Amino acid sequence: MESKDNFQETTFRDRPSTFGKDGKRVWLFPKMPKGNLYNIRRIIAWTLLTFFYLAPFLKINGDPLIFLNFLQRKFVLFGTTFYPQDFHLLVLAIITLVVFIVLFTVIYGRIFCGWVCPQTVFLEFLYRPIEYLIDGNAEKQKELAEQEADAIKILKRILKHGIFLLISFFTILTFISYVTGTEKLGEIMDGWPLQRSGLLMGALVFTGIHYFVFAWFREQVCTIVCPYGRLQGVMLDVNTILVAYDYKRGEPRRNAENRRSEHGDCINCYSCVAVCPTGIDIRNGTQLECINCTACIDACNSVMKKVKKPNGLIRFASEKSISEGKSIKFNARVIAYSSVLIALLIVMTYLFTVRGDVETSVNRSPGTMFQEYGADKYSNLYNLQMVNKTNSTVSIELKLLSPEGEILLMGDPLKVEKGEVAKRNLLIVLKKENVKSSNSHLEIGIFENGKMIDKITTTFVGPNELDEKQ
Ligand code: SF4
Ligand code: SF4
């Protein structure tokens, strides 16, 4: 068995902290962090968890706060309904998100992972606290894991894993309710286990995966699976602000030889390592496994308080600021990247807010030409498609804005139910004197309750001879 010092100081370049020399998993028993940053993280995590579990039950205008119905291709986000016609917004949102993540990571490191990533939030603020409650603190957990199975150990294991399974099942049901809605999920569950047993099996399989990730796989997701974690190496540089150890101040760390002589501020207490959920020693420098959770900052600050030294031996800093012994400066690059991030957010917000509630298209019926309509008029036949993206029925009227003419809608007045797509045919009739070329430009106003809500354009086909006369 490797000594702690040996393992931490010589092997971090060769293998992840959770792999032993023999390649087997080294199980971690991180101490529960305590401190200001942990308190803030706990508030954020509990806000996110509460939102996640409650959102399917909260409604705006009869629709859930978030509803992701992939089967009906209907998506509701905070009262706004999105349909396949809004696909361009989804693409834009994804591009914005990717650019945002890259720029944000270049400037501020992997802070997302330690503070808001679902993996960390579920593990550190839901599953791990239950483990502390049942198995005790980190030392007791280690003892329990190493001891022979007795009645107490078996009881604790059954209780802990039973609760983990229940939470996993409930979490998967919550995920499903984001897709089906809570009412529909209630109907589905009514028939369990005899009816719709396929869905029950699906839910149980996902429960098993969720349980496996949080009860067993844990930090391995962040250290060996997560692609975002793997990309850190190319996104970080010496100016990136991240959780870092101030080696200028901390080294040489206290050890048996320099105990009574001059040494840096690090007293080599390993408190920062003991709380690390990925099992690394941040004093070895920035590592791929670091999720920027700041637990080591809290741990080290409490040690610094005890030894009467200033806080911040481990802190948010860039490699450059530490090597130059200066505080972080918001240089031109940070300001430029931050400005791009803000601009992206503004553009996205604008696009989402100006999105029309009713989307209309009027296109000439394929293969049709102009027709004589009485002695002095021409007509064209069109296909109308209208998508109602609001949460209520809309009554729509179409008026020709230019040139002067008539729109003759076929069928009943145009009433579109919420979320429905209406398709109709219509004729546009223009006086011959108003048709100036073989391809004229038309402007159509879309009116709801007498108010124009949109303006669209289309073309009107007339005789070719009109072009020759011009
Ligand atoms: S907690 Fe602080 S003092 Fe203790 S080992 Fe870590 S860096 Fe050094
Ligand atoms: S090194 Fe510190 S910030 Fe990084 S994962 Fe470990 S405890 Fe969290």
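Modeller: Two strands pair if DSSP finds at least two bridges between them. This model is predicted, and in it strand S15 (residues 439-448) is joined to S16 by 10 bridges. One of the residues involved is Gly445, whose bridge partner in S16 is Lys455.

Colleague: Why are S15 and S16 called paired strands?

Modeller: The cut-off is at least two bridges. S15 and S16 have 10 bridges and run antiparallel, so they count as a pair.

Colleague: What holds the strands of a sheet together in general?

Modeller: Backbone hydrogen bonds, in either a parallel or an antiparallel arrangement.

Colleague: How do you know which strands S10 pairs with?

Modeller: By the bridges. Strand S8 (residues 358-364) is joined to strand S10 (residues 377-388) by 7 bridges, with Thr360 opposite Met386. Strand S14 (residues 421-431) pairs with S10 over 11 bridges, and there Ser379 stands opposite Val429. Strand S9 (residues 371-372) has 2 bridges to S10, which meets the requirement of at least two, so S9 and S10 are a pair. The pairing is antiparallel for S8, for S9 and for S14.

Colleague: What lies between S9 and S10 in their hairpin?

Modeller: There are 4 residues between the two strands, and Gly374 in the turn has a positive phi of about 75 degrees.

Colleague: Which residues other than glycine have a positive phi?

Modeller: Arg196 is one of them, with phi near 50 degrees, and Asn449 is another, at about 50 degrees. In general, most residues other than glycine have a negative phi. Arg196 is placed in the loop between helix H8 (182-190) and H9, while Asn449 is in the loop between S15 and S16.

Colleague: Which peptide bonds are called cis, and what are their omega values?

Modeller: The bond from Glu251 to Pro252 is cis, with omega near -10 degrees, and so is the bond joining Ser402 and Pro403, with omega about -5 degrees. Pro252 is in the loop between helix H12 (247-250) and H13. Pro403 is in the loop between strand S11 (394-402) and strand S12 (406-409).

Colleague: What makes up the largest nonpolar core?

Modeller: The core has 37 residues, and those with the most contacts inside it are Val243, Cys272, Ile282, Cys296 and Ile314. Among the elements that supply at least two residues each are helix H2 (36-54), helix H13 (271-274) and helix H14 (295-306). H14 gives the largest share, 5 residues.

Colleague: How do you know that this core draws on both domain 1 and domain 2?

Modeller: At least three of its residues come from each of domain 1 (4-233) and domain 2 (241-327). There is also a domain 3 (358-469), and the C-alpha centres of domain 2 and domain 3 lie 70 Å apart.

Colleague: What makes up the shells around ligand 1 and ligand 2?

Modeller: Ligand 1 is surrounded by 15 residues, the closest being Cys266, Cys269, Ser271, Cys272 and Cys300. H13 and H14 each supply at least two residues of that shell, and H14 gives the most, with 3 residues. Ligand 2 is surrounded by 15 residues, the closest being Cys276, Ile282, Cys290, Cys293 and Cys296.

Note on methods
Residues numbered from 1 in each chain as written. Chains lettered and ligands numbered in written order. Predicted model: local features only at pLDDT ≥ 70, side-chain atom pairs only at ≥ 80, totals over all residues. Near = placed C-beta within 6 Å. Domains from an automatic or database assignment. Core = buried A, V, L, I, M, F, W, Y, C linked by C-beta atoms within 7 Å. Buried ≥ 20, exposed ≤ 12 C-beta atoms within 10 Å, placed from the backbone.
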